[in-house]
Amino acid sequence: MAIDNSDTGKPKVSVIVVTYNQQGTIARTLDSILEQKTDFPVEIEIADDCSTDSTGDICRRYVDNYPDKIRYTRNERNLGVRENYYRALLRCRAEYIADCAGDDFWCDALKLQKQVEILDANTDIGLVHTDWQYIDEATGAISPSDTSGENIPFLKPVSEPGELLEAVFVNKMLIHWCTALYRKDVFLKAEKEDPYPFWNSEITFEDFQLSVVYARDTRIAYIPDITMRYSIGKDTVTHTDNAAKECTFVYSLLKLKRHFAQKYALSEAFMRPIYIRYARFLYSIALINNDLQQLREIDNYYRRNDLPRPLMCVVMSFLAPMPILGSALVAVKKKRHKAMKKKRAVAMFDFDDNKTLTVATA
């Protein structure tokens, strides 16, 4: 393996590996990190969220083999990805932080070296990210990260503070966090000033809030090299066949986007279509899941905060509680969505923030 930690002092880079029940992929992830060629010390901070399979045994074997490179923490209970990630981040000892999830892997042995050289030479750059690819675990097929090209205008060698803020809000994975290397002190400052995005239990994910903070407050560098493969073809928080799970995720994302919109005074004209897209998705998915309580909660949130809703969402919230009309509406939604899923051959609930939503929304 290539990482040289002969200097037993403080590492320059900490790599967070958040994992839960990933016995089939965690070794691949760790090997890809250990294969990094660097002239500085690197530590790997594994955060095991109380796995119930053999993930922990595999991680402990790696610790035994690389005690100077790997630190392993197993939570006593399942914390969820957000809290697990930020606890791990606070344990990291390095000034620069990288991230590789336990089912993804790096494919460029010079990834960290190239990124560190940029951060060392430019103290005003807070984050460096790269290009990446999808890998379908079921078929092994590899595909580009941005087939539509929508992200290309925002992938400049260096972007100024605030330049990418609105793009981060609407473009799907403009900054993939498993390609990023970032300065820890920027996070510490943001977390101290505004704990909500990082520690509130309403929030179920860890990466979007970091993308927003770094896009607003620092210069961001981009390297066009492909350094990471992102695993799909299985159930995850952002790509799932579980309606309740997806509804919770998207509802959480809505709340956090509204928080940042208020904090950074984003215009109503910019936020309005975002709120409408989320309404279409959330009302529809709650109906498909036949969860009237969730539908009422979403509807109350929109009305309480005076957020725009399409007329169809108003009609859905009115008809859903009615025994006959509500049941008919649910049946129609499920039938239309089943047909859409079959036609598109995609995950049942795959939320894309900038395009037509996979769920049948009208």
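The legends below describe close-up views of a predicted model. Local features need pLDDT of at least 70 and side-chain atom pairs count only at pLDDT 80 or more, while totals for chains, interfaces and linings use all residues. Residues are numbered from 1 along each chain as its sequence is written, and side-chain values use heavy atoms, with hydrogens and water left out.

**View 1. Packing of helix H6 on helix H8.**
Helix H6 (residues 184-193) and helix H8 (residues 208-217) pack at an angle of about 100°, and their axes are 11 Å apart. Axes are lines fitted to C-alpha atoms, for helices over the stretch in contact, and angles run from 0 to 180 degrees between N-to-C directions. Helices (H or I, at least four residues) and strands (E, at least two) are DSSP runs, numbered from the N terminus. H6 and H8 are therefore roughly perpendicular (65 to 115 degrees; under 35 counts as roughly parallel, over 145 as roughly antiparallel and the rest as oblique). On the H6 side, Lys 184, Val 186, Phe 187 and Ala 190 meet Leu 210, Val 213 and Tyr 214 of H8 (contact means heavy atoms within 4.5 Å). By class, this contact has 6 nonpolar, no polar and 1 charged residues. Ala, Val, Leu, Ile, Met, Phe, Trp, Tyr, Cys and Pro count as nonpolar, Asp, Glu, Lys and Arg as charged, and the others, Gly among them, as polar.

**View 2. Burial of helix H8.**
In H8, 8 of the 10 residues are buried, and the helix is mostly covered. Buried means under 20% relative accessible area, exposed over 50% and partly exposed in between (1.4 Å probe, protein chains only). The buried residues are Phe 208, Gln 209, Leu 210, Ser 211, Val 212, Val 213, Tyr 214 and Ala 215.

**View 3. The ring pair of Phe 205 and Phe 249.**
The structure holds 20 aromatic pairs. Rings of Phe, Tyr and Trp (its six-membered ring) pair if their centres lie within 6.5 Å; planes under 30 degrees apart count as stacked, over 60 as edge-to-face and the rest as tilted. For Phe 205 and Phe 249, the ring centres are 5.5 Å apart and the planes are at 70°, so the pair is edge-to-face. Phe 205 lies in the loop between helix H7 (196-199) and H8 and Phe 249 in helix H9 (residues 243-263), so the pair ties together parts that are 44 residues apart in sequence. Their C-alpha atoms are separated by 7.6 Å. Phe 205 is buried at 3% relative accessibility, and Phe 249 is buried at 9%. Leaving out residues up to four places away in sequence, Phe 205 touches Val 81, Arg 82, Phe 249, Ser 252, Leu 253 and Leu 256.

Phe 260 and Tyr 264 form a stacked pair, 5.7 Å centre to centre with 10° between the planes. Phe 260 has a relative accessible area of 0% and is buried; Tyr 264, at 12%, also counts as buried. Elsewhere, ring pairs link Tyr 85, Tyr 86, Phe 187, Phe 198 and Trp 199 into a cluster.

**View 4. Surroundings of Ser 159.**
Ser 159 lies in strand S8 (residues 158-159) and counts as buried at 1% relative accessibility. Not counting residues up to four places away in sequence, Ser 159 touches Phe 154, Leu 164, Thr 218, Arg 219 and Ile 220.
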